[in-house]
Amino acid sequence: MLELLKKIVKAPAISGREGAVADVISALMEPICDEVYRDKLGNLIAVKHGSAPEGERKKIMFAAHMDEIGFFVTFIEDNGYIRLAPIGGINFVAAAYTNVIFANGVKGVLVPETGTKADALTFDKFYVDIGAKDKKEAERRVKIGDYFVIEPSVTRLCGKRVAGRPLDDRVGCAIMVETARRVPTPRDDVYYVFTAQEEVGCRGAKTAAFAIAPDVAIAYDVTGTGDTIGAKPMAVKVGGGAAIKLKDSSVICSTELVAALETAAREEKIAYQIEILPYGGTDTSSMQMAGSGCMAGCLSVPTRYIHSGVEMIDLGDVEACVALTAAYLVRA
Amino acid sequence: MKENQLNGIELLRALCLEFGPTGCEHNVAAMIEAQLGDICEIRRDRMDNVLAHLPGSGPRIMISAHMDEVGMMITSIDDQGYLRFTNVGGIDSRVLCGRRVQVGTAEHRIPGVIGAKAIHLQSADERTQTTPVDRLYIDIGASSREEAEKYVDIGDFATFDSDFVRFGQDDRLMRCKAIDDRLGCAVMIETLRALVARGGERPYDLWCSFSVREEIGKSGAKVAAYAIKPTYAIVLESTAIADLPDVPANARVGEVGKGGALSIADRSTIYDPAMLEFAMSCAREADIPCQLKRYISGGNDAGHIHKTGDGVRCLAISAPTRYLHSGSCVAAVADYEHIREMVLAMLKNWDKMN
Amino acid sequence: MELKQRITEMAGLMSISGHENYDRAALLDQLADIFDEVTTDPMGSHICIRRCGRQGAPKILIDAHFDEIGMMVTEILDGGFLRVINIGGIDTRILQAGEVIIYGEKPIYGIIGSTPPHLQKPGDAKKLKPINELLIDTGYDKDELEKLVRLGTPVGFVPAYTELLGGKLAGKGFDNKACGAAAVDALSRLDRAEMAGDVYLLLASQEEVGLRGGETGAAGIDPDYALVVDVTHGSAPDTKKDEAFPLGEGITISLSAATDLRLTRRTVELAREKGIKFTRVVEAANTGTDANVTQLVCCGIPTVVASLPLRSMHTYQEVLSPDDAEELGKLISAFVCDTKIAEDFAR
């Protein structure tokens, strides 16, 4: 699992520019699925047809987003510094003084304007220094409209804990790849959708779900936890098992699906916890609301320090998500 | 050429001056239909979007520009015959006070002015603060509620009432209300005419949507896109350009007169990278100026269109416009022509789009 | 059945957003013999169809959201206390010392606790506690409580109704089940032959958390035109003119750039023709109702909005006048029977 995760994490791909990571995942899914294709918004869709007779198969859609938060280049100053626009919810405290990498491999550092106070760290106070001596040299390496990300990394910590970025939501992608491997002959039609543009408002999942019109949809994403110093009270903790989402700001999960997931977890003795997130949103809502609606839920990986360079998860929770999905597919 | 057919800036002028606040776009729709005449199949959909269709074999392309303009709605009429109102669409309260407006409906309108307490009567605080919209009123000259009610009803609309003025060196700039987005409408009309005149087979199936209700975000373009089911959409818009001395270079978005502004992304959409590349290469080859927006802000109908159905690949080309959403939008005559030529250049080369 | 009874019966059901199915059996009882078909879609909206009996008749949508605000258990504490989070916009001023029902394995009565005065610091009384810091006292031992309640269990207000002067009603859930009840009542009295089309009453889910069920429900039905009915503010000493309306003086019809102008004009005309008591209200760019989404589904659905004045909205003592609900019922009847609208707006 760790090796798989490392492979998927490496490709930089901000919202709307998911091609690089789609290539990696596509290569992983092609050998084990019946059909792999991309749609107009850049979603990567891998289909595994079910073994049940035609007409008796449900359409089950799984979704994890490929995109990560990052930046577009918007302007190059005369002195060669690069101005930017954030894509997705950037935490600028976490983003200050970090190494960044452009899609073409150019490296730089992301820094705030000298003298900027910590409470005034907004995107227009930041620039990237790629070491260019002037605008001309900078323009040879980077142009307006290019994108960059904070450098990806994965570090093994104590036990099964791992820290790095962007675990949000490459860990969800890894769960889906692993599930497809572990359930080679599902009963129902399974659509593994690696979605685009989640970080800017769950856009890709909406059009993908409209096209697929699933009966059941499950999203795989990271969720906040209540187990750090200073965290708001919340029952979810890293290492506590797969988190079955009941609600976040954007969705109230379908109660039937929640019950089915809980039953599967109990019967298979898979560690799980209940997630009630007082904020945030995931592809779950987009899928639930696509077309005339479908039954939707979400399995979350409890994650500390989301949207920083040191997002932290427990591989045990990841394994629980895979096991629970496999158990659900048998019972669906 | 038909006698009443308007072209270029004259067409744009007529469209800008027409009354068409959000939710009351009928007059603009009628003018557009009249200007298009019978050059192609035209229909209105259930939301009053005007849809023009030029059939062809190949991918379906939707071009969209919105007909509506920011305006106001009358909320109540007081005993002295003054009209209280609220904004329809995002208007900075600072541009309201002292403006001439037209009040009424598609069928009939009367002039009025937006008044507020005289400076002599204002407190020290009031003098330095913006008067909020709920303390402003429209004065139509009525001396009683009864008199006002003969001409105006609650729920009636109002728009800025401003003249179309050419100004600046060589008259290169123009000023009017509603340049946002009648400029896009005018480009679509002239594009359709040019394509019909050119004739021949078209490697695409083109739908132009003159859309309603963009300014309040309850987008007519959304339902138009649902019905049209395009593969590609080009949204023609106006964008706020702050090419002003008191704005730092990196926050200026773009420059008036330097061609259509192409968006990489805004708050509602991340635009299709291949379409963006294609648009720039078409402009480059035809030697048409265009620019990339330097700032990520705002949003437009593309935000609805690209998420419609199974998704639509979107591009936005915006006319760089100063003082957007006021009675004095300022844009460059040259940009109108640049955008029109750019759209035509793209359609001409569409076989190279992938 | 009297309208008053229908209102309290429907409002008394448990239908917190996301749990619109909880009392489905009781709802079906209330709808019995009025509709040809009642289905529940994947989002939990109930779609009640009453057909006019003619082939190819237009589909008329009446949207009345069925969900209500409430709470959800987030933590079970020692001593049998619960912590909760809000579902929808609850007025937090009303919570302390309020009565609730916890809809666990069986319904449990609870009281929302408050800190006694002698333990408060100076100034505390001025501050409202956020909902996630309040405690619900159930009187159970934790062990026992955990058998009955789990994280996510919905918590609602006690359905107790009081008749005030002039027949006005006070209680929970009138937003928006009073409008749903008015629609059911009106439709129950209509002769099918009089209806201008097949009526789809959409008792929509999840309006209070973001107009969700109204969108998917309307997309599934794809009607020819729609009337959205919801509550609006009833005037009280602390409300402003133009944003709140006196109880007992009828309903409101929205004038808005966000709804269909022609359909609105015709509906206003119709209300006048039928002598329905109503006021027009300007809601320039946003009606704050399901109409925001209804009209933008599929190829566009011409939509008009009518509202029922309600005092103390989003509390457990919402107050309405059944007379206004009668007027709303009359408008719904007139709307679904109007052949002029049907001719103009049928596809």
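Reply: In β15(B), Leu292(B) is the bridge partner of Leu262(B). Strand β14 of chain B, residues 260-262, runs parallel to β15(B), and 3 bridges join the two; strands here are DSSP runs (E, at least two residues) and helices are runs of H or I with at least four residues, numbered from the N terminus, and two strands pair if DSSP finds at least two bridges between them. The model is predicted: local features need pLDDT of at least 70, side-chain atom pairs count only at pLDDT 80 or more, and totals for chains, interfaces and linings use all residues. Residues are numbered from 1 along each chain as its sequence is written, while chains are lettered from A and ligands numbered from 1 in the order in which they are written.

These strands belong to an open sheet of 8 strands in chain B, with mixed pairing and the order β1-β2-β12-β3-β13-β16-β14-β15. At its edges stand β1 (41-44) and β15 (290-292) of chain B, each with a single partner strand, so one side of each is left without a neighbour in the sheet. From one strand to the next, the twist averages 25°, with axes fitted as lines to C-alpha atoms, for helices over the stretch in contact, and angles running from 0 to 180 degrees between N-to-C directions.

Helix α7 of chain B, residues 273-285, packs on this sheet and touches β13 (232-240), β14, β15 and β16 (313-321) of chain B; contact requires C-beta atoms, placed from the backbone, within 7 Å. The direction of α7(B) makes about 50° with that of β16(B).

As for chain A, it has 9 helices and 18 strands. Its C-alpha trace spans about 65 × 40 × 35 Å along the principal axes.

How values were computed
Contact = placed C-beta atoms within 7 Å.
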